[in-house]
Amino acid sequence: MKKIAIAFVFTLLATVGSFAQVDRSKLPASGPAPEIKINEAETFTLDNGLKVFVVKNTKLPRVSFTLVLERDPILEGDKAGMSGFVGEMMMAGTKNRTKDQLDQEVDFIGASLSASSTSMFASSLKKHQGKVLELMADVLYNPVFPQDQLDKLKKQSLTGLAQSKDNPNAISSRLSAAVLYGKNHPYGEVETEATINNITVEDVKSYYSTYFKPNIAYLAIVGDMDKAEAEKVVKQYFGNWQKGEVPKFTYPMPQRASKRAVALVDRSSSVQSVINVTQPVQMKIGDPDYISSRLLNQILGGGSASRLFMNLREDKGYTYGAYSSIGADKLVATISANASVRTEVTDSAVYEFIYEIQNLVENGVTEEELAKAKAELSGSFGRSLEQPATVANFALNIDRYNLPKDYYATYLQKLNALTVADINATAKRLIEPDKFIITTVGNGAEIKEKLAQFGEVIEYDNMGMPAKKLEADASMTAEKVLENYLAAIGGAEKVAAIKTAKISMDANVMGTPLNLAFVYDSQNGRYGQKLSVAGNVMQKTTLADGKGSMSVQGQTMEMNAAQLSEAQLNSYLFPEAVYKANGYTLTLDGLKDVEGTPAYKVIIASASGAKLINYYAQESGLKIKYENPASGDTFYSDYQAKDGVLLPMAWTIKSPQIPVPLEAKVTSMELNVTVTDEDIK
Amino acid sequence: MRKFTALGLIACMLSIPALAQNKIEFKEFTLDNGLHVIMHQDNTTPIVVTSVLYHVGSKNENPERTGFAHFFEHLMFEGSENIDRGQYMNIIQSRGGTLNAYTSNDITYYYELLPSNELELALYMESERMLHSKVDITGVETQREVVKEERRQRYENQPYGTILPETLKRAYQVHPYQWAPIGSMDHLNAATIEEFQQFYKDFYVPNNATLTIAGDIDYATTEKLVRNYFSEIPKGAKEIYRPNVVEPKKTSETRDIIYDNIQIPAVIQAYNLPPRNHPDSYALSMLSTYLTGGNSSLMTKELVDKQQKALVVAAIPLELEDGGVFLMYSITNMGVEPKDLEAEVDRLIKQVQDQGISDEEFAKLKNIMENNIVSGNSTIAGIAENLAEAKVIYGNTNYINQVMDAYSKVTKADIQRVAKEYMDLTGRVVLYYLPKSAQPATE
C-alpha cells in the first residue's frame, strides 16, 4: 500500500513538475549540440571514367541527375562569350527531337532539364526517371546546334551587352575583373560586340566535342534511387559515352597592385556610386585558412550584423547594404567589400571601408564576434544539410579538391575549434590593406577629385578598357563649342536661313516598325512631334499659339509652364543658335569619351533649373550626343548636307523605357517648306 | 487459390494510389487554453522549425482600422517583457537560426528555423510573443516608419505594385477582402495605443493559434516543453471576431483605368472564386496552369510566342478562406493596344469554355500538379506550413496527405465546367494599367 502511495505521490510530483512555471527572465540554454550526421555518398566509376555519386533519399518520390564537367578554365580570346551559348545550343534540338518537341516532352512529365557549358541537370518524379534520362541522354549525345538558335542567342546577347554598358553594377563587375586579372586571363577577358559576332556554330560544336567527355565528368544522383539501381541506369544511359583527351591549361597567377589605387568609370548620369574594394587572393576549399576565412568574412561583412553593415548602413546611413566576400576557387579568387552609396558620400564610404579593413587586420576580432559568427555559420551549415544535394556536393568537393574523406564530417568541429588568434592570423595572412584596388562607377565630375586621397585615380571606359587620354584645349569655352558647331554645320548665316523643316524617320523595335515625324516652325513658335506604330499615332507633342500639349495613346494633356519652357527649347532645329538669346546659362564640363570619340560636354540650364546636356565632337565640332536623364540618350551620326547645312541622318536612342536601342534613319527631310496648321496637328 | 492470388493482385493494384505522394506522419494535441499543437518528426537533419499560425488576417480588421494584422506582424518583433527591444531577431541568429513572418487576408504566420538543440529557445521566444509581447508607443512609432517604407518599396514605388489593392477594392463590395493586408496608413496613424493593445488581446491568444514543430524532435520531450511554455498563457476572454458576410454574386462588369508609374500598359482581369476549401478549387488551380503555367501553356504560347501581343501573361488563383479571386494579368508588347490584347485573352478563355481541353493537355496538367505537390513537401519548413494550413483552413491536419487525391478526382470536363462557371465575363473586374503620362489633365 505504502509503495503505491509513494508511487502516486511521485506521479503527482512529476505531473506538477512538468507544468512547473518556467523561468522566463533568462533565455533557455542551448541543449547538447546535436550530432550532425552527414550521409555518405556511395560512389562508383564506369570504365569510360565517369565518376558517379549516389545520395539515396527516399523522403520524396523524386530523383535528380546532375552532370558536372571538371575542366580547366579556358581563355576564349576573340570568341569571348562562346561558352555561354553551349548549354542553350544543346537544348535547341537533337537528331530525334525538335526544340518544340523536347520542350513539350519535358513539360509533359512535369520535369526539368537544362544544360550549360560545364553541366547538365535533369530531375523528375521517380516514376518518370526513365523518360527524363532518355531526354537527357538524347541532348547529351545528339544535339544538332541549329544556326537559327545561335542567331537568336547572339541577338539576345548583344541586347544584353548594350544594356549592360549602362548598368552600373554590370560595369562595376566587368571593371573589377579586368583590373584584377587582366584581359588575358580567363576571369578577366571581356565579351564585346566583336567577340560575340565572331562566334560560329562550328565553335560551339568543337567545344562540345572536346569537353563533353566522361573522363572529366561527375554524375551526382540524388533522391529515390539506391546504388544498385544507379549502377544499372548509369550503365544503360552513360555506359557507351566515349572518352577522349581533354586539353589542360595553366595561367600565371594574377598579382596584387603594388600600392592602393582607384579605378574609375565616369558615368555622368549616376546618382549613386558603386564601390568595390578588392584584391585577388589564392584560396580554395580545403586550404588551411579556408574555414577561418569564412568566419573572418562573416565578421567583416557577411550579413546584417557585420561590421561593414553596422558602420555604413546602421550608423552612417550611406547605403541600403554593405557587404564583403572572400571567394574560393581552384585558380584564383577575390576578396571584396562593396556597396552602392549616394554620390555625395562616395569618399566618406571608401574611407570607412578602408578603416574597417585596416582595423580588422591590425586589431583583430573579439571573442563575442567570433562566437556569433560560429553560431551563424554552424546554423547555416546544418540547414544546408536538409537538401540531399548538399551531400552530393560534399562528395564532389572531396574528390575535386583531394580533401580528407572526413572533411565535411568534421567540418563543424574544425570550425568550432578556431580561436580569435587563428582568425587574426588569417586576416594578416590573407589581406593586404594597402594593396587594394578601389573600383568606382559613378559621376566622375563629382567624385574624381575626392577619390585621389586614396591613391592614383585611373579612368576606364564602360567595357573595362583604360579610358582614352583626353586633352581639352584650355582656352575652350561653352560659347566657343557652340560657335564651332554652328560653323561646322555650315555657318550661322546658312543655319539662320532655314526657317521650317519637316523630317520623317523610320525605326524598328523588336520587329515592330515605328515612324517618327517632326515639324519645325520655330519662327512662329510652332512644333510638332509624332510617334506612330503601324500608322497609329501612339505619342504626340504639339506646340502652337504659346501653348503645348502631349498625348499618349489618345489621352491628351496640356503642358504646364515648366514643361512648356522645356518643350520650347527642343522645338528649334538648331537650338544652339538661340540659347544665349533666350537666357540659358552654358557650362563647359570638359572633354569626354562618347563611344570612343572625344567630345566637349556642354550643360545648358534654364533659369528655372531645367538642364539639357549636349556633346560636341572635339575634332569635327558636330553634335554627337544629347543626354536627358528622363527620356534617355540620343546619339547623332551620318551628317549630310541639306541646303548647305549638315544634318544627322541617323539617330540612336537609348532609353530606360525601351528594351533595345532604337536606330532611327531619316527617310525624308524637307527644309523651308510651308507648314500648315494641319501639319502641326 | 489461384483465384485469390489474382484477386489479391487486382486489389493491390487498386490500392496503389494513381499518384505518388509519401505520407507525412504527425502527432497533435490541444492545450486547455485552446492552443492547437502539431508535431512532425523527421530526424534526418538536426534542425527544427517552430511556427505559429495566428488565425487573423486583414479580413478580421475593423474597416476603420485596416492594416492592423500586417502591422502586428512587425510589432511582434519588438520584443516582450523578457526580450529587449530589437533583440528578437538577434537572439535567433546568434543561436544559428533564421526567422521570418508574413500576413495574408486570412492568417499571420511566424516561423524560426534553428539547430534542433535550440527547440526550447524557439518555444520560449514564441511563448513570450503570445504571453506578453511589447505593445507600446515606442514600438508602434518605430514600426509605423518601417511599414511606411515597406509600403513605398512594395506598392507605391513598384511598377504595377497596386494591382492587388486596386483589384480587391472592386472585386468585393461587402466582404472585408475589399482591402489588402497593407491597409491604410491613415488608419494606422489614427489608431490609439489602446486599440493596438486590444487587437493583441483579441487575436494573439492561444485559442486562435496553431503551433507547429517539425524536424529533429522527440515527440514526448517536445510535448512536455510545449506544455511548460504555453500552458500558462490564458485563453482569450471573448469569441474571436470572424466576418460571416457572403459576397453577393456580381451581375455587371466593373471596368476602370489606373494611372501608374509604368511605361508599358497592363490588362488585369479578376473573377471571384469559391471558398478555398471548395472542391472546385482544384480544377481552378489546374485551369490556371493550363492557361499560363510554363512555356507550353495555352496563353503563353499563343500570346507571348506566336502573336507577340503580350510580354508576359499570368493567371494566379489567389485562394482565400471565404473565396478569393482568379487574377489574370498581361503586359502589352510594344505598340499593342490594351483592348486588342484583352480581346485575345477573352477569345482564349472562350475557347476553353466552348471546347474544353485535349486529353494530352489534361494528362500533362496532372503530371505538373503531381510534381508540384510532391515538391511542396520537400523541406520541413514547407511541411510545417502545410500542416498548419491543413488544420486551420481545411479543418483537418491529415488534409496534407489528401491533396493529391483531391486533384486526382478532377476530370477533364471539370476544367471546362469551372472555366464556364467562374470565368464569368459579366461579373468580373477589368483594370487597365496605363502610364501616368497618359492621364488626362484634370481641372
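Strand S8 (residues 272-281) of chain A is largely enclosed by the rest of the structure, because nine of its 10 residues are buried. Here a residue counts as buried if 20 or more other C-beta atoms lie within 10 Å of its own, as exposed if 12 or fewer do, and as partly exposed in between, with C-beta atoms placed from the backbone. Helices (H or I, at least four residues) and strands (E, at least two) are DSSP runs, numbered from the N terminus. This is a predicted model, in which local features need pLDDT of at least 70 and side-chain atom pairs count only at pLDDT 80 or more, while totals for chains, interfaces and linings use all residues. Residues are numbered from 1 along each chain as its sequence is written, and chains are lettered from A, with ligands numbered from 1, in the order in which they are written.

Let us stay with S8(A) and look at its partners. Two strands pair if DSSP finds at least two bridges between them. S8(A) runs antiparallel to strand S10 (residues 333-342) of chain A, and 10 bridges join the two. You can find A:Val281 opposite A:Ala333 of S10(A). Strand S11 (residues 437-442) of chain A is also antiparallel to S8(A), with five bridges between them. In that pairing, A:Asn276 has A:Thr439 of S11(A) as its bridge partner.

Now step back to the whole of chain A. It has 21 helices and 25 strands, and its C-alpha atoms fill a box of roughly 120 × 65 × 60 Å along the principal axes. Of its 681 residues, 32% count as buried. Two residues are in contact if their C-beta atoms, placed from the backbone, lie within 7 Å. Among the contacts in chain A with a separation of 6 or more, 69% are between residues 24 or more positions apart.

The domain assignment divides chain A into domain 1 (42-164 + 192-238), domain 2 (261-460) and domain 3 (478-680); such bounds come from an automatic or database domain assignment. Between the C-alpha centres of domain 1 and domain 3 of chain A there are 50 Å. UniProt, in an unreviewed entry, lists residues 78-179 of chain A as "domain: Peptidase M16 N-terminal". UniProt positions are given in the numbering used here, feature names are shortened, and annotations may be inferred rather than shown by experiment. That span is 60% helix and 12% strand, and its end C-alpha atoms lie 19 Å apart.

A:Asp545 is not a glycine, yet its phi is positive, about 55°. You will find A:Asp545 in the loop between strand S16 (536-544) and strand S17 (547-552) of chain A. A:Asp545 is exposed, with 10 other C-beta atoms within 10 Å. A:Asp638 also has a positive phi of about 55° although it is not a glycine, but its place is in strand S23 (residues 632-642) of chain A. A:Asp638 is exposed, with 11 other C-beta atoms within 10 Å.

Next comes the meeting of the two chains, where 50 residues of chain B are in contact with 51 residues of chain A. On the chain B side, the elements that give two or more residues are helix H3 (88-94), strand S5 (108-115), helix H4 (119-132), helix H9 (219-230) and helix H13 (359-376) of chain B. H13(B) provides the largest share, six residues. By class, this side of chain B has 17 nonpolar, 23 polar and 10 charged residues. Ala, Val, Leu, Ile, Met, Phe, Trp, Tyr, Cys and Pro count as nonpolar, Asp, Glu, Lys and Arg as charged, and the others, Gly among them, as polar.

Chain B itself is divided into domain 1 (27-230) and domain 2 (254-438), whose C-alpha centres lie 28 Å apart. Their contact takes 30 residues from domain 1 of chain B and 29 residues from domain 2 of chain B.

Finally, follow chain B to helix H11 (residues 298-306), where the buried residues are B:Leu298, B:Met299, B:Leu303 and B:Val304. They lie on the same side of H11(B), because they cover an arc of only 160° around the axis, the arc being that of the directions from the helix axis to the C-beta atoms. These buried residues pack against helix H10 (280-292), strand S9 (310-318), strand S10 (325-332) and helix H12 (338-355) of chain B. The face turned away from the buried side of H11(B) carries the exposed residues B:Asp305 and B:Lys306. After H11(B) comes B:Gln308, with a positive phi near 50°.
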